[in-house]
Amino acid sequence: MKMPDRRIFYGRDGECGTGKTMNTIYILWLRQLKRYFRSRSRILGSLGQPLLYLVAMGFGFGPIFQKAGAGNYIQFLVPGIIAMSILFTALFSGVEIIWDKQFGFLKETLVAPVPRFEIMIGRTLGGATVSTLQGVIVLVVSTFIGFKISSLSMLSVVLLFMFLIAVLFAALGTVIASLLDDMQEFQLIMNFLVMPLFFLSGALFPLSGLPTALSAVASIDLLSYGVDGLRGSLLGISHFGLHIDLLVLTITTLILFTIGSYLFSKIKI
Amino acid sequence: MENNIIEVKNLTKKFKDLTAVDNISFNVKKGEIFAFLGPNGAGKSTTIKILTTLLPPTNGEIEIDGANPVTQQDKVRHSFGIVFQDPSLDDELTAYENLEFHGVLYKVPNPIRKQRIEELLRFVELWDRRNNLVKVFSGGMKRRLEIARGLLHHPKIFFLDEPTLGLDPQTRNHIWNYISNLNKKENITVFFTTHYMEEADKVAQKVAIIDHGKIIAQGNPAELKAQTKTKTLEEAFLALTGEKIRDEDAGSQDFLRQGRRMWHR
C-alpha cells in the first residue's frame, strides 16, 4: 500500500482552542436538525399517529360531542393532538441518549474538551426545535381537514407554547435517559409516563366538570398546561388561563432543564 | 521519568463488590506503541475509560501528558484521540460532517479545520466518499473514518480499543499500516487493545498483559516469549493467562449490542 511521503498532520500544532463556546451548542443543535430532515420516513411516520387520532376520534366522537352541546370536536381536538406529537417527538429526542450512550455519538461528545452543560443545551434545543416543527406540520395538516385558527395574530403565542412544551419534554427525556441504562425500561416509560401524560392532559376531553380525582390528576399533569395554552392561543378557550399556563410551563421547564443538565453531567458510560 | 507520556501508579477501580482493576502500575514512553492485552473482562476497557477521563479511579495516580485525568479533564482530553470499541459515528451524517463536528467540538479554527479534514480523509482513503452518509459505509470504512476523526485535533496519544474487531485481514492490515505510519511520521504514542495476538506481536514495542484486574506480565514481545519459552505471542499469552474460557455476564451492554444488530442490520 502506498503512503503519502509528506507529513500526515497538516498545519502547526497548538493552533486549537480559539473557537467560541457558542459553536458547540450550535453544532449539536444543527446535528439534530440535519438528522430530522434526512429521515423523511421518520417525518411521515410520526405524522401517521396524530392523523389517525384526528380522523378516527375527531370524526368518530364528533357527533356525540356536538350533541352534548360542546361544539365542534375537531376544533377542540387539534390543539391536543399537536401537543401529543410534540410530547412524543421531544421526549424521544431526550430518551435517545440511552441508545447513544453505548452506540453513538454521545461517547464522542463526552470525551471532547467541552462542558457537558453545553452538550446538553445544544441537544435539548435541537430536539425541541425538531419537535416544534413537527407540531407546526400537524397544525398545517389539520387545517386541511377543517381546522380553523380563531385569530392569526396569536400565532406567535402558539409557537411559543409549542416550543415550551418541546423544551420541557426534551429536558424530561434527558432526565429519564440519564437515570436509565438500557432500552429494556423503554416500554415502562411508554406505559407509565408518556401515555398517562397524554391521556390525562385534557388533550381528548374538556377539563371542566370532571370527577374530582381525575381533575386533580389533570392539574398536576404538565402536558395539561401545554394543551390548555395551545387551545387558548389557537381557539381563545382556556381552562387555567394563558398566564397560568405560561407560568407553570416556564417554571417547570427551567427546573427540569436544571435537573437534566446536572444528571447529564454525571452520565457514566 | 520525563519521557513517559502515560504514567499509572497503583491504579484500582472498584464497582460495588467487584474489583475491575486491581492495583496496576505501568508507564508508556513518548512515541511508543503499547499493546494492552487480556482476556474478556480482564479490565482493559475499564482502564481505558479511566485514562480517558470517562471514569474516575477508586485509587491510584495517573498522569496523561503531565496532566491528571480527574482534576485536569480538559487538558487531558485535548491530549488524546480515541477509537472506541463500539462504533461512535453519527450514521445520519456524512463522513465530512462527522469530522467537522469533531473539529468544532475540539475548537480547531476554520481554515485549519478544513485543511486537516481533507488531509486526514485522504490519509484514510475516504476523501472520495466524503459526502456519503456514514450508514452506507462498511465496518472497515467506519473504522478508518473513526481513526481520521480521532486525529483531527492532533493528539499526542492515540487510544484504540479493539480497533480491528470484526474486520477482514485485508482491512486489519490496512489499519495497522496507517497506525504504524502515523507513529513513525508524527511520533504519536499509540495505546491499543486487541484479541489478535499476531497484531500485537507485529506492531507493539511494549506489551502489558492484564488478567483479573492485575498486570501479570510486561515487556517487549520478544521478552514475553522468552519468559514463557514460547514461539509466538499467542502461546505466551495463553501460557500466562491459562486456557480457561472467560464467561462474561450478559449485561445491559450486550442487550444493546444485540438490539443494534437487529435494528441496524
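Axes here are lines fitted to C-alpha atoms, for helices over the stretch in contact, and angles run from 0 to 180 degrees between N-to-C directions. Helices (H or I, at least four residues) and strands (E, at least two) are DSSP runs, numbered from the N terminus. The model is a predicted one, so local features need pLDDT of at least 70 and side-chain atom pairs count only at pLDDT 80 or more, while totals for chains, interfaces and linings use all residues. Residues are numbered from 1 along each chain as its sequence is written, and chains are lettered from A and ligands numbered from 1 in the order in which they are written.

In chain B, helix α3 (residues 95–105) packs against helix α4 (residues 110–123) at an angle of about 130 degrees, the two axes lying 10 Å apart. That angle makes α3(B) oblique to α4(B); on this scale, angles under 35 degrees are roughly parallel, over 145 roughly antiparallel, 65 to 115 roughly perpendicular and the rest oblique. The crossing of α3(B) with α4(B) is right-handed, meaning that the near helix is turned clockwise from the far one by less than a right angle, with anticlockwise giving left-handed. On the α3(B) side the contact uses Ala95(B), Tyr96(B), Leu99(B), Glu100(B) and Gly103(B), and α4(B) answers with Arg113(B), Ile117(B) and Leu121(B). Contact means that two C-beta atoms, placed from the backbone, lie within 7 Å. By class, this contact of α3(B) with α4(B) has five nonpolar, one polar and two charged residues. The classes are nonpolar for Ala, Val, Leu, Ile, Met, Phe, Trp, Tyr, Cys and Pro, charged for Asp, Glu, Lys and Arg, and polar for the others, Gly among them.

Elsewhere in chain B, helix α1 (residues 44–51) is mostly covered, with eight of its eight residues buried. Buried means 20 or more other C-beta atoms within 10 Å of a residue's own, exposed means 12 or fewer, and partly exposed is in between, with C-beta atoms placed from the backbone. The buried residues of α1(B) include Lys44(B) and Lys49(B), along with Ile48(B), Ile50(B) and Leu51(B). Just after α1(B), Thr53(B) takes a positive phi of about 70 degrees. Asn23(B) has a positive phi too, of about 55 degrees, although it is not a glycine. Asn23(B) belongs to strand β2 (residues 18–29) of chain B and is partly exposed, with 14 other C-beta atoms within 10 Å. Glu162(B), again not a glycine, has a positive phi of about 50 degrees. Glu162(B) lies in the loop between β6 (157–161) and α6 (169–186) of chain B, and its 17 C-beta neighbours inside 10 Å make it partly exposed.

Chain A has 10 helices and zero strands. Its C-alpha trace spans about 80 × 35 × 35 Å along the principal axes, and buried residues make up 45% of its 269 residues. Among the contacts in chain A with a separation of 6 or more, 82% come from residues 24 or more positions apart.

With helix α6 (residues 155–179) of chain A, the axes come within 8 Å and cross at roughly 135 degrees, which makes α5(A) oblique to α6(A). This crossing of α5(A) and α6(A) is right-handed. The residues of the α5(A) and α6(A) contact divide into eight nonpolar, six polar and no charged. Among those that meet are Gly127(A), Ala128(A) and Ser131(A) in α5(A), and Ala166(A), Val167(A) and Ala170(A) in α6(A).

The other partner is helix α2 (residues 40–67) of chain A, whose axis comes within 11 Å of that of α5(A) and crosses at roughly 40 degrees. α2(A) and α5(A) are therefore oblique to each other, and their crossing is right-handed. Ser46(A), Leu47(A), Pro50(A), Leu51(A) and Leu54(A) in α2(A) meet Gln134(A), Ile137(A), Val138(A), Val141(A) and Ser142(A) in α5(A). These residues divide into seven nonpolar, three polar and no charged.
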